[in-house]
Amino acid sequence: LRPSGGFVGSYAVVRLSRGKTEILEVEGIEVLDANADKLLLPHPPAPINTYLDVDRWYARDANWSPDFAESARQFLALYAKEGGKEADKIDAVFAITPTVVERLLAVIGDVTVEGIMFTSENITEKLEYEVEYGYVKRQIPFAERKNILHPLVEALVEKLASHIFFQLKTYASLVDAAIREKHLVAYAPGRELQNMFETMNATGRMVSRKGDYLLWVDANLGALKTDHAIRRQLSYSLTPTTTGFIASASMEYVHDGDFDWRTTRYRTYARVFVPQGAVLIGASVPLSQVDRGEELGKQWFGTFLQIEPGDTRTLAFSYVLPMIEPYTFFVQKQIGTINHGLTVDLNFGKDKRLHEETDLRVDRIFKLPL
């Protein structure tokens, strides 16, 4: 997991022209990064340098902003610096999570590539294994370990093309759910196409709106694919005082995994984005270990956290909330997350209280009853 989706492990360059689809390139992002001239690349955000010991900003780490448009612009800039194919002709950037491919296979059925059957149940883990370990058993050179991606994408596109016109409603529903749940996001450098994506609510932008706001953002830094083993529970409370309201945002991380080929101790740089003007007054770690900043009209607080397999840890931040009238509370889902738990407890005193247990499958908005 990274701020605006998952780690960019692979990419494809596709040309669409008059109803025809041409796949120009499919490869692991490390191939592109390895050919880059380091001297042309900028320094990365501090946590990437500190916790990954990487001194240049490569395309694989481009999505550091939780706002997909910002991350996509950064990706395109780094992609061009690294000599990416057709870099000056890119009209749109789409990002999808494995969840989209799993749901797609559930509709079109299994596909077999190079003797390996991929299903909706196994594609994420099996593909991860094949490009990380399985290629050795198949006697494939390291540099060619992700070559399976090209025929896999071609097989998916071919099978989709033969099914789509017979099940348009099914695919439209799949796309709509993927957009609402932020497993499919899009960005276009051109205003007209970007406007269309905005109309579809597919841009993955940080929401700019009046009222209370919360976005919890995790960035897996050097923890393999451990996110599959992490259960999250986000909690938010609001408490009245004589001078205003104190807000508390916390995330409980439960590590259900063990050490194996894709799982290790979880290492996250976690940030919470809150209304501008919020003042940090407490945290579950020493305040000297909490970074602070402003981005896209929001205040953020962040720190690094590590969770061992079998352990449970909670990270919490308390802050004074600026005056908000009328009060509404918007919780934005991080791109690429599944549906971790959400508890909201808003106490305004004088018997005005809202308590709700739900999840973050999609963005949530709360209004205090009159």
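This is a predicted model: local features need pLDDT of at least 70, side-chain atom pairs count only at pLDDT 80 or more; totals for chains, interfaces and linings use all residues.
Residues are numbered from 1 along each chain as its sequence is written, and side-chain values use heavy atoms, with hydrogens and water left out.

Let's start with the whole chain. There are eight helices and 18 strands; these are DSSP runs numbered from the N terminus, with helices being H or I of at least four residues and strands being E of at least two. The radius of gyration is 22 Å, close to the 21 Å from the globule rule for 370 residues, so the chain is as compact as a globular protein of that length. That radius is taken over C-alpha atoms, and the rule is 2.2 Å times the number of residues to the power 0.38. Of the 370 residues, 48% are buried (under 20% relative accessible area; exposed is over 50%, partly exposed in between, with a 1.4 Å probe and protein chains only).

Now to the sheet. Six strands make an open, mixed sheet in the order β12-β13-β10-β7-β15-β18, where pairing takes at least two DSSP bridges between two strands. At the edges sit β12 (291–295) and β18 (364–367), each pairing on one side only. Further in, β7 (residues 212–217) runs parallel to β15 (residues 328–332), joined by four bridges.

R60 is in the loop between α2 (46–52) and α3 (68–81) and D33 is in helix α1 (residues 29–34), so the pair ties together parts 27 residues apart in sequence. D33 is buried, at 4% relative accessible area.

Next, D67 and R205 have their closest N and O atoms 2.7 Å apart. This pair links D67 in the loop between α2 and α3 with R205 in the loop between α8 (191–199) and β7, 138 residues apart. D67 is buried at 1% relative accessibility, whereas R205 is partly exposed at 29%.

Last one: E30, E132, R145, K146 and K225 are linked in a salt-bridge network. Thanks, everyone!

Conventions
A salt bridge is a side-chain nitrogen of Lys or Arg within 4 Å of a carboxyl oxygen of Asp or Glu.
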